[in-house]
Each structure stands twice: as structure tokens, then as C-alpha cells.
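Q: Please take me through how to read aromatic side chains and nonpolar cores in a structure.

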Amino acid sequence: MNPEEKLSEKVKAMKPSGIRKFFDVVNTMPGAISLGVGEPDFDTPLHIREVGINSLIEGKTFYTSNSGLLELRQAIAEKFEKDTSLSYDPKTEIEITVGGSEAIDDAFRALVNPGDEVICPEPCYVSYTACISLAGGVPVTVPLKQENNFVLTPEMLEKACTEKSKVLILSYPNNPTGAVMRKADLEKLVPVIEKHDLVVISDEIYSALTYGDEKHTCLAALPGMRDRTITISGFSKAYAMTGWRLGYAIGNAAFIKQMTKIHQFCIMCAPTMSQYAAIEAVKNGDADIEMMRQSYDERRKYLYKTLNDMGLKCFEPMGAFYIFPDISGLGMTSDEFCNRLLEEEKLAVVPGTAFGDCGEGNVRISYAYSMDELKVAMGRLESFVKRHSK
């Protein structure tokens, strides 16, 4: 038997993550600095860790409901209503998942029939197009442009729609660009979404990490959008809980019922310890988020100025913890730039093409690292840019 012949053609056609490629190399390179992984450098706040630890000591180690602990779903519903004025039934309209990534996969598989088109603005998180294809859907990518601040316009959306269009995936604040869509931007999309009867998966995992005077706008809160939007979020980014692997989906009961069915057969339930810790995070973690957000904001401003000063032009990111400078002036592809930077300066960043073809000419830099580490990294980057500037 040839094992290669037995594999799914769909899976074999998938490209490995362009993020992990550089992360794995850095781990074997002494003295290297990585600005490639989107993981907070903060420890999970102690009071959250203590609740998780105590749940183990108290023997709370059994399966929970497939949908997750009702107490956690109730806490999420209360906070979501406080933040957005939207009311959801915690018993039927919220699903607890193993990270936001599982919620995204559940949503695609629950919605997509073979041949359905899913509109996917790029650059975007690396798993979207892969999950669409695995669900049998057809990814229809929409290249976003820096001159538009990487915002999806109604004209772009209209042009992408066909009679086969069924789902739109949005991700704001955005990974990898740090772009946000303000309320006025989102409102312009609503007529096109309604015209083509689209369901929207709105990945808002970075919603708590926005900067400037205007707060994040939840798409589902706009008129007419509640029952056609599945909102994805989680605990990894805002609460520095990446390793706890906990996310959630909020949406119409019909959507959540089918998503939970998939979750039931593939996962059973999210980790029990993580769910107890998350209850504490939702109820008492706002101050932790604000402390981390202020620190990210300081780093964001430093990188924006430093990168532009060294000639790597970029627009100002207003969300998440990424910046997406333009490196095309150095005469290298994004992949070549990243490989040579790692080889010559032991500094890892991620090529923009890891997030879609339209990311060519850019690289993603994460500022979820200490200011001291960022300053050393920027020194290495500036040396590299000076050496290769034409």
C-alpha cells in the first residue's frame, strides 16, 4: 500500500501555515527574536489562573454540557449585552468551543453546502480559506488595499457576489493588518449583505483591543444583522489565555444548534478547567484587559513611528496587535525578505503572502512582545533595511 495514495486530495492540497514555518525555525536558532506569533506576552492574570487551579483541586474534572457550562454562557450573554445591547439566550444561542478557531470551523461546516461560495476579504487569518475548502465551499477572495486602510467597501462586496454567494467572513479588528471597520464602514455593507441574503461570520476575537476614541462596533448590533450574523470570539487574545483553548460563538438558535451538533461529535466539550477560569475572566477581567490594551497601544505607537522613520511605510493600525509594513521598496518578495531577515539578523516576521496573495509586498509584525524586545528587534530590522536599501 502507498499511504500517499490513500490521503484526501483536499487535505493534501492545503498549504501549511506560513506563520508556523518561521516560528519552528526560530525555536532552533540561538539568539533569534521572533515577532511572528500572535500571542500575548502577558501571563494569564493570577486570579483567573487560581480559579482554574482550584477547579482541579475541587475535582471539577468531568465533562460539561456539549454547549459548555451554563454559568459561563450566562456570564458571556450578560457581558455581551452590556457591551452591545444585544440579548441572546445562553441556553440556545451560545456555544463554547476549543478556541475561536473551532467556532470558525463549526460555523463554516454548519452553513456551507458543496459549491456554495464564501466571500473572504484578504489579507486574512490563515485558517479561513482552508476551513471553507474543507467544508466543501468555494473561497471567493477579495483583495483589500492599503490605500483604503484594508477596509471592505460595499462596491468590493457587490462585485464579489454571485447567485452562489452564501456566506461572508469578516475579521475586524483584523489579523494581519490591524485594520478596523468603524460603525459607518459596517453600515455601508448592510444593504449589500441583505440584497444577496448573506450570512456573516464575524470574527471579533480582537474586539477588546481597539485604540483611539471610537469603540469597537459589533456587526450583529446593526439593524437587521442580528439573526444573519454569527459572532466569533474567545479568551486567547484579550485575556492572555491562548493555551487554555477556549472560544465561543453567538448567533441565532438555528445556527448554534447545528454548530453544536458538529462540536458534539468532534470535540464533546471544551476543557472543563478552562471554562471555570473563563467565568472568572468574564466577570472580573475588565481591568486586566485595559492594562494590557494600554501596553499594546504604547507598543503600537512606537512601531508605527519607528517603521515609517526607517522607510517601511505603513498605515496606522487601530486594532489587534499587528502592524503590516510595506517592504516592496527593497526589491524583494515578502518571502525573500523574511528569509533573509531571519538569516542575516536572526529576526523573524511573517510574509504577507501567508495571509493571501494580496499580502505580497508586506510583512506582518506582532507587537505582543515587550518593549525591550521590540527595541532590539527594530535595531536589527533597521540595520537590514539600511543594508538593502537601493
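A: Begin with accessibility: Y125, at 23% relative accessibility, counts as partly exposed, since buried means under 20% relative accessible area, exposed over 50%, and partly exposed in between (1.4 Å probe, protein chains only). Y128, by contrast, counts as buried at 1%. This is a predicted model, in which local features need pLDDT of at least 70 and side-chain atom pairs count only at pLDDT 80 or more, while totals for chains, interfaces and linings use all residues. Residues are numbered from 1 along each chain as its sequence is written, and side-chain values use heavy atoms, leaving out hydrogens and water.

Q: How many aromatic pairs are there by this rule?

A: Rings of Phe, Tyr and Trp (its six-membered ring) pair if their centres lie within 6.5 Å, planes under 30 degrees apart being stacked, over 60 edge-to-face and the rest tilted. The count comes to 12 aromatic pairs. Y125 and Y128 form an edge-to-face pair, 5.6 Å centre to centre with 80° between the planes. The rings of F337 and F384 are also edge-to-face, because their centres are 5.2 Å apart and their planes at 85°.

Q: Which residues touch the most other members of the largest nonpolar core?

A: A nonpolar core is a set of buried Ala, Val, Leu, Ile, Met, Phe, Trp, Tyr and Cys residues joined through side-chain atoms within 4.5 Å. Here the largest has 40 residues, of which L35, L307, F337, I365 and L381 touch the most other members. F337 itself counts as buried, at 1% relative accessibility.
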